[in-house]
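These are my notebook entries on one structure. I record what I looked up, topic by topic.

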Amino acid sequence: MSLLSFESICTLLLSQVFLVLGIQEIHADQEMIDKISAAGQLMQCSASLDVLFVLDGSYSIGKGSFERSKHFASKLCDAFDIHPDRVRVGMMQFSSTPRLEFSLDSYRTKQDLKERIQRVVFRGGSTETGRALKYILCKGFPGGRNSSVPQVLIIISDGKSQDSTAVPAVQVKERHIVVFAVGIRFPRWEELDVLASEPTEQHVLFAGDASDAANGLCSTLTASVCSTTAPGCKVESHPCERRTLETVKELAGNYVCWKGSKQPNAVGASLCPFYRWKKVLIKHPSRCFRTVCPDPCDSQPCQNGGTCVPEGLHKYHCLCPVGHGGDIHCAPKLSLECSVDLLFLIDSSAGVTLEGFLRYKAFLKRFLQAVMGQDSPVNVGVAQYSSSVRIAIEVGQHKDVFSLMKSIDALNFSGGGALTGRALQYVAQHGFRSSPAFAEEQGNLPRVVVLLTGSKSQDSVAEVAKHVRDQDLILIGVGSSFMRAELTKVTGSPKQTIVYSDPQDLFNRIPQLQRRICSLDSPEGCQAQSLDLVFAVDASAGVGLENFLRLRGFVRSSSLHFSINRDVTQIALVCYGSKAHTAFALDTHTSSAAVLQATNQLPFLGGSASAAAALLHVFSDLMTVQKGARPGVNKVVVVLTNGGGMEDAAAPAQQLRHNGILVFVVAVGDAQRDVLLRVAGSPDYLVHISSYEDLQYHQDLIMERICEEAKSPVNLCKPNPCMNQGVCILGPGSYRCECHGWEGPHCESRVLRGGSPRSQVFPPRFPAHWSSGGSRHFSKAPRHTRRHKGSEALTQMH
């Protein structure tokens, strides 16, 4: 193989490597890139807009890059509100000749449009970009509207046109068409600059990174056409580097060559220059304009040196240092300070499999390492069961964690049937005989059995479990979500049942199990938690009057779990049939007695049920500042329903969650679980009860989950406290409303002629005080209402 051919192969391989690399790089840290990515998911253009995609389908692009062009077009459609009265989209493909793939009035929904884009077929040919522009000058935007609607042309090409583009590009822009030139593969950026509108830095993009390019395009449109950014988000510029592959001529050296001479039949030797062609990357420094939004870690939620890792727009997790991890924010390590005799009963049957058994051992070890200190007052034992039962570690046998871990490691998988009832009966009789160590403490310590199981029992458990509980043994069940019903039969209460959604989620339940064990004698409440709580009660004919009265009674008894006043918990009540009716708003009643009395007046409506109407009513009429909702306070909506009329409720429920409001669904009867899950958003916020008679037994569990939500960090700007299209802007421990045509703390007053809009800054809670001079100022809330979190990308509520 010659040296030249070897170099050619190397150059070819190098170019393939470059194909994998991004051809546009933003020179920013990973945190900034994550914020750009998160902002792109928030952006949505709902203005009247005609958009025409022009895709280069020539052979120089190739089928692979053409498919990437389609992917970018489809990605961008996610940010457009596709509707005949709002954003219309058409597509054209060009190569030797231009071809209209579909006109702007062809597709009325986003789904249909994206499916059609996927069906566009690569055609091949030469690159005649100038001809494509002349076609647009002649035909316009087929299916578009009149000139009053802004027109946007998005050309996706490698820029290597075989005809002249300068004159038609100028003519297109003279018609006030906004032109974006989007490079694909290895673009010729100078030619794309000629095609694009000014300033070119904001109108030239790279389609290889579809998310980044979509963000950049929407960021540019924000200033002129679309209101795509949420409150708190802003357009920023960053240094970026665009690259392209160029073929350059390079001197390889001087080699001996033979030349003729003037003398006949004579040849002379000489040195001749030899050249070769090679592919090189040419760099084009530029600036990229992108929208950046706050991410969940901006508020530094991780304590004690923990590292915050964002997970999308709203979620994060903390990497905690050793000795911490008591909760998601790296609180000091969990501990079992309560004195109990604790026996773990582990399923070792064939149904749980060897993998499941090893997972339970790992969970048990991690739990005990997290909660047991050197002087822990808890006595621990372990039993395992399948067809038979064995006490592997007697309660109180080990007082140090190290020896306990060694004994747990020695447990072996048994296989066989799952006789859970028999195992419970055995440990009730034999599991606690040797504990505690001191006789005078005998009988004084609570005796707790934690059942770890992943397979349905092959014998009866309900009656046996009741008999065990009657002997003053406390049963706690831990298992996968499909075991929920059986575990509740074992424990006698959903509150004593802990379920996980997937294998990794099991380990997330360690704090929950610790709280459950140590709250046996001191039930948890949320008397002192700040909360704005709305009950939405199904009062339709599907529920019926008798069951409606049970739901109303549930609201009455639930309200007793809270300290109701302006500074702690506020409660609102809504009932709904086909329409929603407000019984009282959040700021109506300031005492438990008043709430109880008003709840008794809640009317039965009858008719059909529409949970969507109820949730929309709660969003627009109750969770607002003018109706008493407090910035900086967690907000929860509890929907009490028989599952009817829930089909259209998923979208308004998601809208509530997007604005920082938790939706908790309590469904009674034979409702479709998948429909309920879409409304609740997570199995953690769905309680499905078989009958209205059992509702009372689930109240403790429901209140506990609501109280847990009341402790989580909040965002002062979610939901948006600013009225009349005001923009909420976070500050350190405060927020302000930026008003346009309005004024006041929350943009509540229209600006009088000659006035100018103002914005005021105030802390989370804002009781007003009047000084002797008549001036007004805003004071901070009590300590427990000042939690806030800049953790979610901000969005405007109204």
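**Salt bridges.** I took a salt bridge to be a side-chain nitrogen of Lys or Arg within 4 Å of a carboxyl oxygen of Asp or Glu. The model is predicted, so I kept local features only at pLDDT of at least 70 and side-chain atom pairs only at pLDDT 80 or more, while totals for chains, interfaces and linings use all residues. Residues are numbered from 1 along each chain as its sequence is written, and side-chain values use heavy atoms, with hydrogens and water left out.

I searched the whole structure and found 22 salt bridges. I then looked up D78, which forms a salt bridge with K114, the closest N and O atoms being 2.6 Å apart. D78 lies in the loop between α3 (62-77) and β3 (87-94), and K114 lies in helix α4 (residues 110-118), so this pair ties together parts that are 36 residues apart in sequence. Helices (H or I, at least four residues) and strands (E, at least two) are DSSP runs, numbered from the N terminus. For accessibility I used relative accessible area: buried is under 20%, exposed is over 50%, and partly exposed is in between (1.4 Å probe, protein chains only). D78 counts as partly exposed at 33%, and K114 counts as partly exposed at 22%.

Next I checked K466 and D470, whose side chains meet in a salt bridge at 3.5 Å, N to O. Both residues belong to helix α13 (residues 462-470) and lie four residues apart, about one turn of the helix. D470 is exposed, with a relative accessible area of 53%, whereas K466 is partly exposed at 47%.

I also recorded a salt bridge between the side chains of R550 and E693 (3.5 Å, N to O). Because E693 is in the loop between β23 (686-689) and α22 (699-710) and R550 is in helix α17 (residues 545-559), the pair ties together parts that are 143 residues apart in sequence. E693 is partly exposed at 46% relative accessible area, and R550 is partly exposed at 29%. Salt bridges that share partners join R99, E101, R116 and R123 into one network.

**Helix α17.** I turned to the helix that carries R550. At 1.5 Å a residue, counted over one less than the number of residues, the 15 residues of α17 should span 21 Å, and the end C-alpha atoms are 21 Å apart, which agrees. I list N547, F548, L551, R552, F554, V555, S558 and S559 as buried in α17. Seen down the axis, these buried residues fall within an arc of 150°, so they line one face of the helix; the arc is that of the directions from the helix axis to the C-beta atoms. They pack against β18 (531-538), β19 (569-576), α18 (592-599), β21 (635-641) and α22.

**Helix α16.** How many residues of α16 (residues 510-518) are buried? I found seven of its nine, so the helix is mostly covered. They are I510, P511, Q512, L513, Q514, R516 and I517.

**Nonpolar cores.** I defined a nonpolar core as a set of buried Ala, Val, Leu, Ile, Met, Phe, Trp, Tyr and Cys residues joined through side-chain atoms within 4.5 Å. The largest one has 38 residues, and F53, F80 and I154 have the most contacts inside it. At least two residues of this core come from each of β2 (49-56), α3, β3, α4, β5 (151-157), β6 (178-183) and α9 (210-224). The largest share, six residues, is from α9. With contact meaning heavy atoms within 4.5 Å, and leaving aside neighbours within four places in sequence, F53 touches A73, L76, C77, V89, G90, M91, M92, I154 and I156. Apart from this core lies another, of 36 residues, among them V543, I571, I702 and C707.

**Aromatic pairs.** I counted rings of Phe, Tyr and Trp (its six-membered ring) as a pair if their centres lie within 6.5 Å; planes under 30 degrees apart are stacked, over 60 edge-to-face, and the rest tilted. The whole structure gives nine aromatic pairs. The rings of F66 and F122 have their centres 5.5 Å apart and their planes at 55°, so the pair is tilted. This pair links distant parts of the chain, F66 in helix α3 and F122 in the loop between α4 and α5 (129-139), 56 residues apart. Both F66 and F122 are buried.

F363 and F367 are four residues apart in helix α10 (residues 353-371), separated by about one helical turn. Both F363 and F367 are buried. Ring pairs link F344, F363, F367 and F507 into a cluster.
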